[in-house]
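Subject: Structure for your review

Dear colleague,

My notes on its interfaces follow directly after it.

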Amino acid sequence: MSEYVRNAWYMAAWAEEVPQGGFLARKLLDKPWLIWREGDGRWVMVADRCPHRFVPLSMGRFADGRITCGYHGLTFDGSGACIHNPFGNPLPATARLGICPVVEAHGGLWFWPGDPAMADPALVPDFSFIDAGPPVGRSRYVMEVNYELIADNLLDLSHAEFLHVESFGTNGSLFSHGNQTVETDATGAIWNKWDTAGAPPPGWSMPLVGEGQTVDQSLHMRWHAPANLALFIRMARAGTGGQDLIIPPIANPHILTPETQGSTHYFFTHEPGPEAEALARRVFLEEDEPMISAQAAAMGETDFWDMRPLVLASDAGAIRARRRLMQMRRAETGGK
Amino acid sequence: MSEYVRNAWYMAAWAEEVPQGGFLARKLLDKPWLIWREGDGRWVMVADRCPHRFVPLSMGRFADGRITCGYHGLTFDGSGACIHNPFGNPLPATARLGICPVVEAHGGLWFWPGDPAMADPALVPDFSFIDAGPPVGRSRYVMEVNYELIADNLLDLSHAEFLHVESFGTNGSLFSHGNQTVETDATGAIWNKWDTAGAPPPGWSMPLVGEGQTVDQSLHMRWHAPANLALFIRMARAGTGGQDLIIPPIANPHILTPETQGSTHYFFTHEPGPEAEALARRVFLEEDEPMISAQAAAMGETDFWDMRPLVLASDAGAIRARRRLMQMRRAETGGK
Amino acid sequence: MSEYVRNAWYMAAWAEEVPQGGFLARKLLDKPWLIWREGDGRWVMVADRCPHRFVPLSMGRFADGRITCGYHGLTFDGSGACIHNPFGNPLPATARLGICPVVEAHGGLWFWPGDPAMADPALVPDFSFIDAGPPVGRSRYVMEVNYELIADNLLDLSHAEFLHVESFGTNGSLFSHGNQTVETDATGAIWNKWDTAGAPPPGWSMPLVGEGQTVDQSLHMRWHAPANLALFIRMARAGTGGQDLIIPPIANPHILTPETQGSTHYFFTHEPGPEAEALARRVFLEEDEPMISAQAAAMGETDFWDMRPLVLASDAGAIRARRRLMQMRRAETGGK
């Protein structure tokens, strides 16, 4: 598996996942972390591993911004410093927990696992549509595959015509009436855009459109490295220049953060309520994950490119994103 | 584990395992394959892996001898050629599925994983006794051990005196009245023959023999590389030159095809009906497999010969078969 | 993981674990062994692996000090010699089972996996307090972690103040009134001694002490290589020179024998009866093992010292024991 890109913002959690007055323990990029909010409102993120016997500090006790190890009582604060040693002996400078910059934006907590000096909050990808839109439920799901395989999946939505036939496939209109373009914007985001013109509407929207009517639809997927994606959907009556909308524009985050090389935190939103969450989860669980898991099983430990994949026209966006990640990795590791 | 011998016929399935108008997906020699019958009656075998994203094609849709990938819609025919690409771009010559020669013989489908030019159907081992005999049930069982360990087991039937005491042991007559010979015949098959003369009959046959009578029995096991075995049993009243048979001669296939290095498709026959199948399976499951699995666990990743096994007289057949496989491997790999 | 020290006594079992007229099969130091008592009272220990096909002999039949393989009938005696070969051919000198010196002492069966010439029974650590004390139940529990991690745990009892708060913590008196000393005695044992003077009594002993009274307590842990530990506890009224005992002195074995590098036979005693055993087991299962397992998971395959652990004053005993083991390993392997 490839090294993680480190100088980038990843999402650790939705802010509301951290309990009031408590902490959240989560594995991110193969390492265990604790996240809590200090009394002054700042978020902190410290390694969930005692430097004495390496046990998770999350098995200990937390109060007032201090975590006490449940094995031998070393106590640490949100700066990572050891502020109490029951045995009294002076401790070396290494008696600290690793820390990570963390900022709150668009409902999420974002961390920067690389050089803290480079952790500019202005570089957090723009998911302001979450704040700006109608109220949504924010959820997380762990998909047991590598994050790059999920990004590949999202960056080529044409798979919906086969894998999601039963849910949100478009009856083949991507092929009959569609056009794909791949672009990189000024923020560095890569866009994979499918636009259909004058096509029959997808099944779920037929009642809204009217018999015999056709639509113009856009399915635009945006990718920010390492794997923070957003989907923008518009559907208008055909020939109205995209103005006579059939449904309000939709924007959905698909934010992917590696838990390990073989599992991914998948952050998503949905209409409020547990039923809408269950419905969204069902598509992931029953349609995407079995296919991507089968792909992962077939690949085993072999690198994606070493598998010599056949390249289709529709892969243009996903391949551009994979190349970007490779360039970032090379820049960080000096060629490895 | 040792490489598989590739220039040889292995059995993939009983023909009736492939559903009418459908396909069979099966892992063979560590690779996933699809088998189906073309409209003209020919059998085909293609790799069950899409060259685009490596997912099993068996997760897609099959109709009229064409399989469509369930992820992005590439469609292949029984020659392995890609006959439809929804995205239209021309595909390179590598956009093909691997294929394997496959022939039907004696109720089974046989494949040749090596050089297709060498795949002579006349080399399929002779199991015509299956067709010629009374109707039988044909079944398959996956035993979770390496195929060579099962062949060792079958090529030394003396284990029945200890492991199958409760089922078809011979009350020790192999040792008291038996003679073992090992031969290689003109077809290249290795035979391990146990013959007993003037011995008390095995328990299950006592009612047929008569009190105080003795029998001549032959238990002849035939092995064709890589691991296609057949057992031939005869039992006659002692001293009749093997002519006064107590039961009709019995012939049973024990055809072993590696699923992986640690699991084996075991093809066998039995009297028709589910009860007879369950009885045969029970001996495999409760008597052979626990012992062979314990052997496999004890060996771990170590090669059989590197374990420096003690050699008994009764091992002559199994060792000759292991040597043959080693020679075949060397011939194919040039020494590895 | 580090090599096992071989020239040392390890405990294999409590003597009563071996059934009368039968044998005990147990994995010790990654190898399977059989233990039985000969007719003349001597204990024997032979490898539980047939040299023919490597299956466990414990799957065969045992009678009169002879074990017959359940696969092909080779029979061995307690000296490891093959005394019957059903196939008659002469066997080479390698047709023997490995054996190990084993002696009974203090209720346990002790084995020496190294050079038999060095296996001096006088070197078995002194656990005579088990025989001398009141009747106890003797039990065994397999903890799914490396034995050195458990020894670390035992050699620093201060963890009781955090991990065993609910059971036998001492309300922090180790820190407020305690003194730790580490000693090596004439037998080579390493002692980690915690002594408290004039401290409030632990909760469980309050009813015995009287309101407002204080106690002097000693918690002395003794370690003999490789991992045979004993805990000695005394509690007396404060200021009586340790003479006015509140409870009779307690001595408990904590004898650790590797089953594998990742699992340990933990031999312990308790008041007679299944309830007392369940209570003792509960502390292991619910308090120690989750923490030590979390430590093992955090360490993965990395060596303890390569983890660069922070060293606390209380680690002095455990570190001295780890160093001793390293020296013994180096002496045996010549530096590895």
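How many residue pairs are in polar contact between chain B and chain C, with both residues at pLDDT 80 or more? The count is 6 residue pairs. Please bear in mind throughout that this is a predicted model.

**Chain B and chain C**

The contact between these two chains involves 28 residues of chain B and 23 residues of chain C. Together the two chains bury about 2,100 Å², and 70% of that area lies on carbon and sulfur atoms. On the chain B side, the residues that lose the most area to chain C are M291(B), L310(B) and L312(B), which together account for 33% of what that side buries.

As for charged pairs, the rule finds 1 salt bridge across the interface of chain B and chain C. The side chains of D315(B) and R53(C) meet in a salt bridge, with an N to O distance of 3.3 Å.

Three elements of chain B give two or more residues to the side that touches chain C: helix 2 (147–155), helix 3 (160–163) and helix 6 (274–299). Of the elements of chain B, helix 6 gives the most to this side, with 7 residues. Sorted by class, the side of chain B that touches chain C has 19 nonpolar, 5 polar and 4 charged residues.

**Chain C and chain A**

Here, 28 residues from chain C and 23 residues from chain A take part in the contact. The area buried between chain C and chain A is about 2,100 Å², with carbon and sulfur atoms giving 69% of it.

Between chain C and chain A the count is 1 salt bridge. A salt bridge joins the side chains of D315(C) and R53(A), at 3.3 Å from N to O. The polar contacts between chain C and chain A number 6 residue pairs, counted where both residues are at pLDDT 80 or more.

On the side of chain C that touches chain A, at least two residues each are supplied by helix 2 (147–155), helix 3 (160–163) and helix 6 (274–299) of chain C. Helix 6 of chain C gives the most to this side, with 7 residues. The residues of the side of chain C that touches chain A comprise 19 nonpolar, 5 polar and 4 charged.

With kind regards

Conventions:
Residues numbered from 1 in each chain as written. Chains lettered and ligands numbered in written order. Heavy atoms only, no water. Contact = heavy atoms within 4.5 Å. Buried area = accessible area lost by both parts, 1.4 Å probe. Salt bridge = Lys/Arg side-chain N within 4 Å of Asp/Glu carboxyl O. Polar contact = N/O pair within 3.5 Å; in protein donor to acceptor, adjacent residues only side chain to side chain. Helix = DSSP H or I, 4+ residues; strand = E, 2+ residues; numbered from the N terminus. Nonpolar A, V, L, I, M, F, W, Y, C, P; charged D, E, K, R; others polar.
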